[in-house]
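Please keep the sequence and the model open while reading.

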Amino acid sequence: MPRHPHVAPALDHLTGSLFSKLAARIAALQGEVFPLHVGDSWLIPPPGARTEDVRHADHPRLNCYARPHGHPALLDAIQAFYPGVARDRLLVTTGATGALDAISSALLAPGDEVLICAPFWPLIRGIVVESRGVPRELDLYLALDRTLDAADARAAVRDRVAAAVTERTVAIYVNTPNDPTGLVMTRPELEGLVDAARAHDLWIWSDAVYEHHAYARPDHPLRGLAPERTFEVHSFSKGWAMAGNRCGFVIGPDDPRHTAEVRKISTHTFYSAPTVSQLAGAEVLRSGADWLQASRDAYSAAGERAAERLGVPAPEGGTFLFLDVAEHLDARGLEGFLIDCIDRNLVLAPGSSCGTAYDTHVRVCFTSARPDVVLRGVEVLAQLLGR
């Protein structure tokens, strides 16, 4: 019972930052810094879809709350961009983070388990814990066997997921294109995941924030493969370079009652996403197609250049490379390697933030700064790795 001065025990398993131990060292850096640790973009949104373009003269109630469901202009734009999605399946949120927090809080009872396909986006583990659920990591992406035919690939994923399910498992979280590995799951692999979810009555939480950044193969939305059980999460942060706007949305299962339950949580937490951000999002969905294609090409090229210099395969999608640096660790472990990087003004994310099995890995974002800055940072890393 966490009476004063104690807090909830669940918080013992959360950190305030992925870089808590190294924050002071990072803050003290001077000169050119290579910030390849955060999934951001050097680009800015297209003209007309920047917050500075959203004016009171055009939107007289710009300073007021939007509806908790979402601003009508944005809901209209989402429906036009994703044909066939009913309005009552939509919920506008404070980014993908707010969306997944609302979903987690709505669907989990204390002690319920969520299978988190790993390596994973660093915040999802804490979101499950904060909702009093139990995150269980499932090594998936790096175990995918691309030599298998379609039927065997489907069976392999199905069996891998099914083997991890317990009587307390209620959901599975999947992120493709994947942060941090850059892998894009194939349709047979996703079908195997759906097979396991149906066999064990699991919800599917599909993190689709990199949906526009599939380079090597098409992205296959899970809402189309399992519409009865999938909450698909989208964000303007990645595809549209609007991370600071804090706006995203959920496409819920085909029964709208499930989305309505999640809306109860969002209403009592963030209430509504920022009005300016929603109107900017509506505009970019209406008019940003050419910009989206150009940005996708630029991101893909940046990833190929970084991968080539580091001697690793080009990313299949997303904005990250995930490197195992085990051969270059000394007695200080990964923290020591990260310190060596910081001492050279290079900041990387620890692989351990993406799963407990990856404490010899680092995550490298190749879109977080201008391409020339990224390449200089990659050169520092290549030299540390002797490449």
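Pro218 sits in the loop between β6 (203-207) and α7 (222-225), where helices (H or I, at least four residues) and strands (E, at least two) are DSSP runs numbered from the N terminus. The model is predicted, with local features requiring pLDDT of at least 70 and side-chain atom pairs counting only at pLDDT 80 or more, while totals for chains, interfaces and linings use all residues. Residues are numbered from 1 along each chain as its sequence is written, and side-chain values use heavy atoms, with hydrogens and water left out.

- The C-alpha atoms of Pro218 and Glu316 are separated by 9.8 Å, although the two residues are 98 apart along the chain.
- Asp195, which belongs to helix α6 (residues 187-199), has a relative accessibility of 21% and therefore counts as partly exposed.
- Once residues up to four places away in sequence are set aside, Asp195 touches Arg154 and Arg158, contact being defined as heavy atoms within 4.5 Å.

- In helix α2 (residues 72-81) the buried residues are Leu74, Leu75, Ala77 and Ile78; they cover an arc of only 160° around the axis, so they lie on the same side of α2, the arc being that of the directions from the helix axis to the C-beta atoms.
- These buried residues of α2 pack against β2 (90-93), α8 (236-239), β8 (248-251) and α10 (275-287).

**Pocket and cavities**

- The second largest pocket has a volume of about 300 Å³, and of the 15 residues that line it, Leu142, Thr181, Val312, Pro313 and Phe322 are the closest to its centre.
- On a 1 Å grid over the protein atoms alone, a pocket is an open set of points with protein on both sides within 12 Å along at least five of seven lines, a cavity is a set where a 1.4 Å probe fits but cannot get out, and lining residues have an atom within 4 Å of a point.
- Grid points are joined across faces, edges and corners, and a volume is the space filled by probe spheres set on the points.
- Strand β9 (residues 320-324) gives the most to the lining of the second largest pocket, with five residues.
- There are three cavities of 30 Å³ or more, and the largest cavity holds about 60 Å³ of space, with a lining that includes Thr176, Asp207, His220 and Glu232.
- The second largest cavity has a volume of about 50 Å³, and among its lining residues are Gly39, Ser41, His213 and Tyr299.

Terms used. Buried < 20%, exposed > 50% of the residue type's maximum accessible area, 1.4 Å probe, protein only.
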